[in-house]
Amino acid sequence: MPLPLYLLAVAVFAMGTSEFMLAGLLPDIASDLGVTVGTAGTLTSAFAVGMVVGAPLVAALARERPPRSGLFGFVLAFAAAHVVGALTTSFAVLFATRVVAAVANAGFLAVALTAAAALVPPDRKGRALAVLLSGTTVATVAGVPGGSVLGTSLGWRATFWAVAALCLPAALGILQGLPAGRGNDGATDGPSLTVELAQLARPRLFLVMLLGALMNAATFGGLTFLAPVVTGTAGLGAWWVSVALMLFGAGGFVGVNVAGRLSDRRPADVLAVGGPLLLLGWPTLALLADRPAALLVLVCVQGALSFALGGTLIAHVLHEAAGAPTMAGSYATAALNIGAAAGPVIAATTLGTRAGDLGPLWASGLLVALALLVAPLLALPKGA
């Protein structure tokens with residue numbers, strides 16, 4: 001794989017750390033800025049909404065620029081938002097920085113997904129996207145727990161400073177590793193923005209985006225409320241939450257890279273095998289959650305299956321959106337973040353039911369089941 005892919009993955013690692021790190025920092029932020037934990041929790045919602053809105057909007061604005069300059073600008077904006085967030089004593093300002101960071105993150109991913117696919121031959125797009133998305137899984141394994149430890153030791157602001165610092169080598173790597181020119185996929189040589197947006201009316205593109213949103217909703221619905229399952233149902237100590245998150249991320253790293261080697265030629269096989277296993281995994285996790293060893297093993301397995309299917313669907317969104325060369329990445333980013341925003345909301349509605357803390361796990365299973373009902377409408381290629 002080309003070196004620029006790994007440089008882009010460094011930036012994705014920094015951004016993934018930022019996206020997930022607030023889970024362990026909210027109490028300290030709330031106390032420091034004089035708001036309730038519930039109010040501080042709106043910072044997560046602000047980031048998710050910024051990602052959904054920002055992906056197509058910023059991609060459309062950046063389509064006339066070479067990928068290198070666009071990616072460099074997004075990384076700098078992301079870093080600047082974290083510097084301001086680390087310095088502010090106002091919750092309103094911090095809230096605004098999360099929106100700015102999310103928009104910059106969305107713009108970066110939208111351009112990076114398209115740029116990564118353009119760096120390799122068509123039959124290696126899945127592997128290229130696996131390298132890029134490994135930044136997110138590594139963030140779950142190392143970045144998020146590391147940020148939590150740093151925040152506990154030095155305060156939540158230190159974590160914001162660390163994320164900003166991570167952006168600097170990524171920005172320099174982008175400048176040195178990516179070509180300065182527009183390339184063959186530039187907007188001036190390709191279809192107009194109107195033509196690219198019209199691709200969204202294609203049923204197959206809509207279906208694969210819907211499938212990606214449902215799968216990601218299941219992933220984030222279960223993951224967001226994993227902590228009370230670990231500490232409550234399983235009866236483990238609070239520090240085991242970080243262990244569970246690391247296992248989920250480790251599984252995701254394996255899953256996205258294994259699937260990356262299969263999704264270019266056999267996406268239907270990935271979905272046909274991984275989908276039912278993922279569907280079986282969520283209720284099994286709910287039923288065995290009171291057994292710590294089984295819980296931790298299943299968390300790792302669910303991470304592998306979730307990211308394997310997610311990575312495959314991202315690759316297929318880009319394939320179906322081939323007629324929108326500068327906007328395809330934003331379509332994939334928006335679809336996945338709609339799922340990331342909707343999943344926790346749907347899962348939260350189950351907490352007041354008889355299922356209690358296990359409700360989100362059952363909800364994730366239902367979301368996967370719904371996705372598998374949609375999947376046959378797509379008829380993905382089975383490959384050789």
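The structure is a predicted model. Two packed helices are described by the angle between their axes and the distance between the axes.

**Helices α4 and α5**

- Helix α4 covers residues 67-87, and helix α5 covers residues 91-118.
- The axes of α4 and α5 come within 8 Å and cross at roughly 160°.
- That angle makes α4 roughly antiparallel to α5, because angles over 145 degrees count as roughly antiparallel.
- The crossing in which α4 passes α5 is left-handed.
- Sorted by class, the residues in the contact of α4 with α5 are 17 nonpolar, 5 polar and 1 charged.

**Helices α9 and α13**

- Helix α9 consists of residues 203-224, and helix α13 consists of residues 292-320.
- These two helices, α9 and α13, pack at an angle of about 160°, and their axes are 9 Å apart.
- Helices α9 and α13 are therefore roughly antiparallel to each other.
- A left-handed crossing describes how α9 passes α13.

**A nonpolar patch on the surface**

- V138, F253, V254, V258 and L262 form a nonpolar patch on the surface.
- Together, the residues of this patch have about 380 Å² of accessible area.
- Helix α11, which spans residues 239-262, gives the most to the nonpolar patch, with 4 residues.
- V254, one of the residues of the patch, is located in helix α11.

Terms used:
Residues are numbered from 1 along each chain as its sequence is written. This is a predicted model: local features need pLDDT of at least 70, side-chain atom pairs count only at pLDDT 80 or more; totals for chains, interfaces and linings use all residues. Side-chain values use heavy atoms; hydrogens and water are left out. Axes are lines fitted to C-alpha atoms, for helices over the stretch in contact, and angles run from 0 to 180 degrees between N-to-C directions. Angles under 35 degrees count as roughly parallel, over 145 as roughly antiparallel, 65 to 115 as roughly perpendicular and the rest as oblique. A crossing is left-handed if the near helix is turned anticlockwise from the far one by less than a right angle, and right-handed if clockwise. Ala, Val, Leu, Ile, Met, Phe, Trp, Tyr, Cys and Pro count as nonpolar, Asp, Glu, Lys and Arg as charged, and the others, Gly among them, as polar. Patches are made of residues with over 30% relative accessible area and no salt bridge: like charges are joined within 9 Å, nonpolar side chains (Val, Leu, Ile, Met, Phe, Trp, Tyr) within 5 Å. Accessible areas come from the Shrake-Rupley method with a 1.4 Å probe; for residues, only the protein chains shown count as cover. A salt bridge is a side-chain nitrogen of Lys or Arg within 4 Å of a carboxyl oxygen of Asp or Glu.
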